[in-house]
Amino acid sequence: MIAGLSLSLMLTGCGEDDSSDNADNSEGETTSVGEKIDYTITGIEPGAGLTEATDNALSEYENLEGWEQETASTSAMLTSLGEAIENEEPIVVAGWSPHFKFAKYDLKYLEDPKGAFGDVESIKTIARKGFKEDMPEAYTILDRFQWETSDMESVMLAAQDMDFEKAAQQWVGENQDTVSEWTKGVESVDGTSIELVLTPWDTERSSANVAKLVLEEQGYDVTLTPVSPSVMFQAIAEGDGDASLAPWMPETHGSFYEKHEGDFEDLGENLEGAKLGLVVPAYMDIDSIEDLKPDE
Ligand code: PBE
């Protein structure tokens, strides 16, 4: 009660203090975003780590009382985001980077003072137990596989107009120096089968397709198997798949990682500087998750 009262006093104060010509508009927007979007965050696939992180945020932030996450798919989220922006309407989506939505639209992450979405995420490489002994050449290459967000983004961008295999080919063609650092001194093999497990997002389609190509050039017969994050960890822990470049840590897939810890090998980071959070169009007049108002 008291918290609610002081909050509304603060808001009134803000409105009165705001001497800009659109004071009405800014206060109106701040107070009614929730109402306008039916206290709903547009999420992605139910099995995504981001979906779990968003649910955690919903329970951690008291001001998100009465809010819900609506899950469906990444493409449904992107459609809703595009439509909202077309009409300059408010929308709050569960978002992440690297992702082309930031290049296509003017977006911002809402500040996350409680750290519900973690800070910076890394993408790691994991392998099944025994992989190093069974396929030392592939192990060495995957252990060395490391690239920048700009590399991953260039594959994702190219893949807007072609399939990921072609986009990966293009990147490998243009980045022979990096690739030869990964393969330097590694012996070729003769058609050994290897299965890489990935999750079904463009970030992982990019890394998996580049890894596939590099391993194929080394003589491997590579299969890519896309599955949900929980199945990805399970597959590597149980030895059904050989390796994965898809785990996002520490926040996104931390719970799956912990569940299977000790049953797989961690080969370290393949990319640094990924991020998760609640994302809104830049024209929205809020900056922090705490600016959202509870459903009362
Ligand atoms: N993502 C992209 C995935 C991992 C890669 C952030 C949408 C997830 O949330 O599981």
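This is a predicted model: local features need pLDDT of at least 70, side-chain atom pairs count only at pLDDT 80 or more; totals for chains, interfaces and linings use all residues.
Visitor: Tell me about helix 11, then: how many residues does it have, and what span does it reach?

Guide: Helix 11 has 16 residues and reaches 23 Å from its first C-alpha to its last, which is close to the 22 Å expected at 1.5 Å a residue.

Visitor: Is helix 11 mostly covered or mostly uncovered?

Guide: Helix 11 is mostly covered, with 13 of its 16 residues buried, and just after the helix G219 adopts a positive phi of about 105°.

Visitor: Zooming out, how many helices and strands are there in the chain?

Guide: The protein chain contains 13 helices and 10 strands, and 39% of its 296 residues count as buried. Among contacts between residues at least 6 apart in sequence, 82% join residues at least 24 apart.

Visitor: What about the largest nonpolar core, which members touch the most others?

Guide: That core has 76 residues, and those touching the most other members are A127, L142, A211, I236 and V280. Its largest share, 8 residues, comes from strand 10 (residues 264-281), and the core draws at least three residues from each of domain 1 and domain 2.

Visitor: Take I236, what is it in contact with?

Guide: Leaving aside neighbours within four places in sequence, I236 contacts I126, A127, R128, V197, G241, A243, S244 and F264.

Visitor: Switching to A246, where does it lie, and why does it count as buried?

Guide: A246 lies in the loop between strand 8 (243-244) and strand 9 (248-249), and A246 counts as buried because it has 28 C-beta neighbours inside 10 Å, where the cut-off is 20 or more. Not counting residues up to four places away in sequence, A246 touches L198, T199, E204 and M232, and its C-alpha atom is separated by 9.4 Å from that of F233, 13 residues apart along the chain.

Visitor: Now the backbone, which peptide bonds are cis?

Guide: The bond from S97 to P98 is cis with omega near 5°, and the bond from M249 to P250 is cis with omega near 0°. P98 sits in the loop between strand 3 (93-97) and helix 5 (101-104), whereas P250 is in the loop between strand 9 and helix 13 (254-260).

Visitor: And what phi do Y39 and E88 have?

Guide: Y39 has a positive phi of about 50° although it is not a glycine, and E88, also not a glycine, has a positive phi of about 50°. For context, most residues other than glycine have a negative phi.

Visitor: Where do Y39 and E88 lie, and are they buried or exposed?

Guide: Y39 is in the loop between helix 2 (23-36) and strand 1 (40-42), and counts as partly exposed because it has 18 C-beta neighbours inside 10 Å. E88 lies in the loop between helix 4 (74-86) and strand 3, and E88 is exposed, with 9 other C-beta atoms within 10 Å.

Methods:
Residues are numbered from 1 along each chain as its sequence is written. Helices (H or I, at least four residues) and strands (E, at least two) are DSSP runs, numbered from the N terminus. A residue is buried if 20 or more other C-beta atoms lie within 10 Å of its own, exposed if 12 or fewer, and partly exposed in between; C-beta atoms are placed from the backbone. Two residues are in contact if their C-beta atoms, placed from the backbone, lie within 7 Å. A nonpolar core is a set of buried Ala, Val, Leu, Ile, Met, Phe, Trp, Tyr and Cys residues joined through C-beta atoms within 7 Å. Domain bounds come from an automatic or database domain assignment. The expected span of a helix is 1.5 Å times one less than its number of residues.
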